[in-house]
Amino acid sequence: MKFKDLPISPEQSLNNIGWDWMLGENTLPYITNEMVVISENDAEKYYEATNNLYEMYIEAAQNVVDNERFTELGIPENLIELVKYSWENDSNWHIYGRFDLSGGLDGKPIKLIEFNADTATCIPETAVVQWASLKANSLDESQQFNTLYETLVSKFKELHLQNPNFQKTLLISTMKDFPEDDTNMQVLGEAAKEAGFEVAFEYIENVEFSAIEGIYKQNPSDGSFTKYDYWFKLIPWEYIGWDEPELSEILTQIVVNNKAIILNPAYTLLFQSKAILKVLWELYPNHPLLLETSDKPILGKTCVEKVLFGREGANLTIVSESGLKIDSTEGEYDEQNTVFQVFTEFLQDSEENYYQAGVFFVREACGLGYRRGGKILDNKAQFCGHLIE
């Protein structure tokens with residue numbers, strides 16, 4: 001791997017363009033001061049691979065819907081109706097997701113690790129921070145595989161054109177005490193505003209939901225309510241299904257009765273479930289972009305055991321060819337079912353840091369960044385930008 005050191009840090013780069021509001025004190029240290037150097041050909045391969053993978057995911061999700069394999073994927077029963085409805089009636093509803101990939105450099109083939117289709121983060125780092133770093137260091141800011149922000153703006157414009165009966169009013173919600181989520185949604189909100197949407201923010205516990213009327217936010221100054229025709233929630237669908245069954249029913253009625261459009265749509269659960277990796281392997285056995293995946297250990301091969309809806313590297317176990325545990329991480333998802341994906345080595349630098357590529361998909365592949373850490377990348381991993389030379 002090749003790198004370019006940045007004399008001007010990402011923090012200073014953000015200050016230079018007035019975007020210091022975007023990353024808090026707890027986030028900035030994890031942005032590295034060097035960038036991964038890639039070629040135009042490398043960028044093109046990431047682009048083509050991600051676009052191909054999205055088409056394959058569509059086929060795999062259709063297989064799940066056609067064959068009623070929702071339980072196999074761990075989809076909460078109270079969300080199946082909404083998953084099916086959103087899949088069958090999609091009008092440009094899936095705003096964005098992020099593919100996590102191994103390889104892509106040094107002659108190592110690109111392999112799919114998973115698709116964060118519902119509540120993917122790293123938007124600010126990918127869309128703004130690495131671009132600002134190029135600009136601040138007098139490098140050519142166009143020399144990146146990075147049109148994420150512009151493509152989000154375009155996506156919101158298309159969203160409205162395909163849903164003309166809905167007002168361009170967007171409410172964005174996160175859960176309290178997750179500042180990284182708030183930062184991601186600030187950038188998403190800026191893109192929606194640029195696309196002509198009226199945008200507001202409210203934590204989910206303060207949002208009002210009515211199966212008959214729709215989704216509202218209350219004005220604390222006068223007690224009045226404002227209705228929003230679009231609601232983007234950076235809250236995982238599976239959390240809603242498991243923990244809020246009454247809300248699951250209300251949201252189903254809201255969408256089915258055309259009272260609001262909920263983003264990302266419920267069908268992203270089909271993409272988010274790690275069990276879809278097994279379906280992909282069934283449909284595309286030995287595909288060069290895929291790793292063999294099964295619901296049982298794969299004899300004679302080192303595997304990674306993953307829970308179906310794990311996040312940030314939690315509850316992962318690397319299992320040897322003989323079935324012995326090599327490495328693992330703890331987490332809160334240990335009661336879930338698992339799949340076994342053949343292990344693949346991430347890219348490595350000379351100091352034995354591991355790198356995983358993340359490519360955002362908004363209509364098409366549109367933004368690349370890298371996460372750097374140990375053999376299992378968890379929530380302590382750093383973000384490393386890139387430069388095309």
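I began with cysteine 384, which at 0% relative accessibility counts as buried, where buried means under 20% relative accessible area, exposed over 50%, and partly exposed in between, with a 1.4 Å probe and protein chains only. This is a predicted model, in which local features need pLDDT of at least 70 and side-chain atom pairs count only at pLDDT 80 or more, while totals for chains, interfaces and linings use all residues. I kept in mind that residues are numbered from 1 along each chain as its sequence is written, and that side-chain values use heavy atoms, with hydrogens and water left out.

**Cysteines.** I asked which cysteine sulfur is closest to that of cysteine 384. I found the one in cysteine 122, at 12 Å, which is too far for a bond. I noted that the structure holds 0 disulfides, a disulfide being a pair of cysteine sulfur atoms within 2.5 Å. I also looked up cysteine 303, and this residue counts as buried at 2% relative accessibility.

**The open sheet.** I found an open sheet of 5 strands in the order β12-β16-β13-β14-β15, with antiparallel pairing, where two strands pair if DSSP finds at least two bridges between them. Its edge strands are β12 (293–294) and β15, each pairing on one side only. I then followed β14 (residues 316–319) to β15 (residues 325–328), an antiparallel pair joined by 3 bridges, in which threonine 317 stands opposite serine 328. The hairpin of these two strands has 5 residues between them, and glycine 323 takes a positive phi near 95° there.

I recorded 5 bridges in the antiparallel pairing of β3 and β4, with phenylalanine 99 opposite phenylalanine 115 in β4. In β4, 6 of its 6 residues are buried.

**Cores.** I looked up the largest nonpolar core and found 111 residues, such a core being a set of buried Ala, Val, Leu, Ile, Met, Phe, Trp, Tyr and Cys residues joined through side-chain atoms within 4.5 Å. Helix α2 (residues 40–66) gives the most to this core, with 11 residues. Apart from it I noted another core, of 6 residues, among them Ile113, Leu291, Tyr354 and Leu377.

**Largest pocket.** I noted 50 residues lining the largest pocket, with Arg311, Glu312, Gly313, Arg371 and Asn379 nearest its centre. On a 1 Å grid over the protein atoms alone, a pocket is an open set of points where a 1.4 Å probe fits, with protein on both sides within 12 Å along at least five of seven lines, and lining residues have an atom within 4 Å of a point. The elements giving two or more residues to this lining are β3, β4, α6 (179–194), β13, β14 and β16.

Key:
Helix = DSSP H or I, 4+ residues; strand = E, 2+ residues; numbered from the N terminus.
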